Amino acid sequence: MRKNTELRVVSIAQSSGVELNANLILDEKTTRIDQKLKTLSEYVQQYPSGWKKRLELAHLLYAIGRIEQAVEEYRQVMERQPQLIDVRLKLGKLLQLMGQEAEAVAVYQSALPLLRDRATRQHIGGLIAICQGDTERAIAAFESAASNEPHNSSHWLALGQVQMGREDGVAALRAFDAVLSLNPDDIVASINSYDALMAVGNFRQAQQRLSKVLELAADDFRALKRQANNRCRMRLVSGESGKQTKQIISSALRLAPDAADAHELLAYYHLLRGEWAKGVGVLAQFSEEHPNNSSGWYFYGRCLFHTGEYQKAADAMLKAYRLYPNDCQIYRALCEILPLTTPGAPLLQAEGGNTTLTSIVEEMLERFPQRWSVWATAGRVLVESFEEIERGCSACAKATQLMPQLPDAWFSHGRVLALAGKHREAVEALAQGWQLLPENSGYLQSVSAAVWLAESYRVLGDDAASRRWWEEACQLAQELMEFDPATANYWQARALEGLGDVTSAVEAYRSALSQQLLYPLRAEVESAVKRLKGKKRKGSHP
C-alpha cells in the first residue's frame, strides 16, 4: 500500500441481510466526493454507451462504500470492455464480500480465457478456491503463482492471508516476510505480519513491527486499532497516557464510525478504567443501532462475558451465531461462555431454540476441520464439560497434527491432558511445545506453559522439576509485565503460590485485580485471595 492510497471501512449488507464490515483499499484519497459523484452520474446518464466515465463512477461508488451500486456499474463496464481484467477482479472481490460466492466464481472463471500469464491464472485459481471453501487448493495455487512470479508481492500477500485464515501463523509470517523483502514499507504486509507475530505469541517482535507500522501510516484505521489495543493491554488508560489512548480511539471512530471493532476499542478502554457499565453500554448501543451486524453482537457478548454477565453474554453471542454461522471465533466464544451459564450440566440449553453446547461443538468441528484451535477448544469442552476423556484428548491431539510446529498447539494439548488427569502425557506434550519455542524470550504462551508443567510435575511427585518450572514461570511473568501487566501478575501469583510464598502471591493477585483483570480469571483470583488469606490466618495461630 503506497503513500497515496487510503483505507476505508464500510458496511456491506449480504444477501441474507447480515451486515458485515469490510476494509476497502483505495488507489488514491478521495476528495470532493459529492461534486464528483454528481458530475459522473450526469455524464453516464447522458452517454450511457461510454465506459471510461462509468468506470470512474464505479471506482467512486466503491470508495464511498456504496457497494451494490458499484457492482452494477462494474458489470456494465465489463460488458463494454471484457478485456479489462482488473475490473473483473474487483467485481469478483466485491461479490465475495457480499456473500455471493457463486457469482464471484463465475466472474473469476470468465477472466481465465482472457489470460495467458500463468502466474495470474494461478492467482485467480486461488481466489476461486477461496470462494469454494477449499483452503488447501487456494494455498497451492498462490504458492505456484509466487513460485512462477516471485517478485509480485500480491501472490505472497494472498498466500499469507489464506495461511492466517487457517491459523498457520508460522507459514503466514514467511509469506509476509517475502512481501517485506520486496518492499519494506508495504503497510498491508506490515500490519498482517504484526497480526501473525501476535498469533504465534511473539510479542516482542510484534511490538517492533507495530512501531514500524505507525511510522508508515499513523492515521491508518488498522494501525490506530492495533495501537489502541496494545495500549489498553498495557493498561495505559489513566492520566496523560490514558488521554493519549482515548485520542487514538477517537481518531479510529472518526475514520470508521460504523465499524464494530472501533466501538469495541472504546468499550474496553472504559472497562479497563473500571467503568464497566459505561463500557458495556457502548456495545449495547451499537448492537441496538446495528441489529444485523454479527460482529457487534460478538463484541457485545465478549464484553458481557468479561464482566461476569455469563447468561447475557450467551444470549448476545447466540444472536451473533444465528446472524452469521460462518465465523469460527463465534463458535469458540460459545464454547467458552456456555459452560459457565449452567455449570455441571451434561447438556446446556441456550435461550431461543435447541442450540446446545453439544450442537455447537459438533457444528464447529464440521465447519472448520482445518483449524487447530477448533480441535483444541473441542477437546477441552469434551473433557471439562462432558467428561468424555478419550474423545477429548483425541480431539486435542488433532490440533498438534494440523500444526506440529506451533508451540501453542502442543501447549493446548498438554493442558487438556492435564485436565483429563493424564499428567505424564501432559508433561510430554508441554515439553514438546517448549522445544519449539525460539531461543529468544518474549512469547506469550511460555508463561502459562511453565505453570502447567510445574503443576503436572507436582502431581507426578517430582518436586524438584516442579520447583524449577515455578521459578521459570516467575521469571517469564516478569518479562511479560510491561506488555500485559494484569495477565503477568495473574501468572506470577500462580507461580508464587506454587512456590509456597503466600504473602507475595496475594500481593500479585491483588495487583492483577487492581489492573482490572477481567472475568472469568477475576472470579478465580478473588477466590484465591480469600483462600490464601485464610491460610495466612491459620498459619499465624499454630
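## A guided tour of helices and cysteines

Start by selecting His423, which touches Ala418, Ser456, Val459 and Leu460, leaving aside residues up to four places away in sequence. You are looking at a predicted model, so keep that in mind at every stop. Now colour the helix around your selection: His423 is found in helix H23, residues 423-436. Is His423 buried or exposed? With a relative accessibility of 16%, His423 counts as buried, because the cut-off for buried is under 20%.

**Next stop: helices H1 and H2**

Select residues 33-46 for helix H1 and residues 52-63 for helix H2. The axes of these two helices come within 9 Å and cross at roughly 145°. Now show the side chains where they meet. On the H1 side, pick Ile33, Lys36, Leu37, Leu40, Ser41, Tyr43 and Val44. On the H2 side, pick Lys53, Arg54, Glu56, Leu57, Leu60 and Leu61. What kinds of residues make up the contact of H1 with H2? They divide into eight nonpolar, one polar and four charged.

**Next stop: helices H18 and H20**

Move on to H18 (residues 328-341) and H20 (residues 372-384), whose axes come within 10 Å and cross at roughly 15°. That angle makes H18 roughly parallel to H20, because angles under 35 degrees count as roughly parallel. The crossing of H18 and H20 is left-handed. To see the contact itself, select Cys328, Arg332 and Cys335 in H18, then Ser373, Val374, Thr377 and Val381 in H20. Sorted by type, the residues of this contact are four nonpolar, two polar and one charged.

**Last stop: the cysteines**

How many disulfides does the structure hold? There are zero. Try the distance tool on Cys131: its sulfur is 19 Å from the closest cysteine sulfur, in Cys328, which is too far for a bond. A disulfide needs the two sulfur atoms within 2.5 Å. Cys328 is in no disulfide either, and the nearest cysteine sulfur to it, that of Cys335, is 9.3 Å away.

Cys131 counts as buried, at 12% relative accessibility. Cys328 counts as buried too, at 2%.

Note on methods:
Residues numbered from 1 in each chain as written. Predicted model: local features only at pLDDT ≥ 70, side-chain atom pairs only at ≥ 80, totals over all residues. Heavy atoms only, no water. Axes fitted to C-alpha atoms, helices over the stretch in contact; angles between N-to-C directions. Helix = DSSP H or I, 4+ residues; strand = E, 2+ residues; numbered from the N terminus. Parallel < 35°, antiparallel > 145°, perpendicular 65-115°, else oblique. Left-handed = near helix turned anticlockwise from the far one by under 90°. Contact = heavy atoms within 4.5 Å. Nonpolar A, V, L, I, M, F, W, Y, C, P; charged D, E, K, R; others polar. Buried < 20%, exposed > 50% of the residue type's maximum accessible area, 1.4 Å probe, protein only.
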